[in-house]
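Please look at the aromatic contacts in this model. My notes follow as numbered points.

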Amino acid sequence: MNLLGNTLFAFTIAFTGMFAGTAAQADPGRFMDMKAAVKAPIGHKQFCRDNRWACPQEQYQPVVVKLDEARWNQLIAINAEVNRRIRPMTDDDLFGTVEHWSYPVNGYGDCEEYVLEKQRVLIEAGWPKSALLITVAKDVSNSGHAVLTVRTDHGDMILDNQVEAVLPWYSTPYRYIKRQSASSPVKWTGISDTRVTTVSSVSQ
């Protein structure tokens with residue numbers, strides 16, 4: 001395992017304990033508190049209209065990924081590779097509109113493009129769809145932000161284009177609002193994020 005992988009794997013173990021099985025109910029603190037069904041973001045509805053193959057009307061059996069060292073290293077590598085490959089550009093500059101979700105266009109995109117590409121690459125690498133969930137949050141400036149939640153037996157891990165490290169959800173500087181349902185790619189679920197404090201700055 002490389003140094004970064006070793007450091008982050010140790011960090012995750014320290015916070016979540018050694019592999020305690022795959023049931024999300026085992027330790028709710030590791031997992032986001034999911035609430036009632038909510039409306040999908042407008043951008044995701046538009047993405048699904050444009051990419052129907054990526055949003056099938058189907059039901060999944062929700063699973064979590066057993067996060068061994070090989071999977072952990074792969075997660076870190078894919079997160080870093082996509083972050084390097086895509087160059088940031090706003091939807092207004094790229095598409096001429098305030099909000100537009102798409103796969104990266106000519107190597108450019110904003111947070112949603114990063115998320116959609118990471119989800120696509122991980123699915124192609126064999127990760128289960130029901131464990132790779134687009135998630136909407138508010139950042140430290142109270143602006144909308146999207147990240148990818150990966151459901152693992154260590155808890156919900158976050159892949160982000162603003163924070164390079166792959167971190168447990170509760171160690172990120174965001175207030176989580178809603179995410180894709182683990183049982184369907186076209187349904188969304190609200191998140192109850194009642195944490196009092198958050199990290200005050202975002203590492204670049």
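1. Phe47 is buried, at 2% relative accessibility. Buried here means under 20% relative accessible area, exposed over 50% and partly exposed in between (1.4 Å probe, protein chains only). This is a predicted model: local features need pLDDT of at least 70, side-chain atom pairs count only at pLDDT 80 or more, and totals for chains, interfaces and linings use all residues. Residues are numbered from 1 along each chain as its sequence is written, and side-chain values use heavy atoms, without hydrogens and water.

2. The whole structure holds 5 aromatic pairs. Rings of Phe, Tyr and Trp (its six-membered ring) pair if their centres lie within 6.5 Å; planes under 30 degrees apart are stacked, over 60 edge-to-face, the rest tilted. Phe47 and Tyr103 are edge-to-face, because their planes stand at 75°, with centres 5.3 Å apart. Phe47 belongs to helix α2 (residues 42–50) and Tyr103 to the loop between α4 (91–95) and β3 (108–109), so the pair ties together parts 56 residues apart in sequence. Helices (H or I, at least four residues) and strands (E, at least two) are DSSP runs, numbered from the N terminus.

3. Tyr103 is also in a pair with Trp53, a stacked one: 5.8 Å centre to centre, 15° between the planes. Trp53 lies in the loop between α2 and α3 (69–85), so this pair ties together parts 50 residues apart in sequence. Tyr103 is buried at 15% relative accessibility. Trp53 is exposed, at 60%.

4. Trp169, Tyr170, Tyr174 and Tyr176 make up one aromatic cluster.
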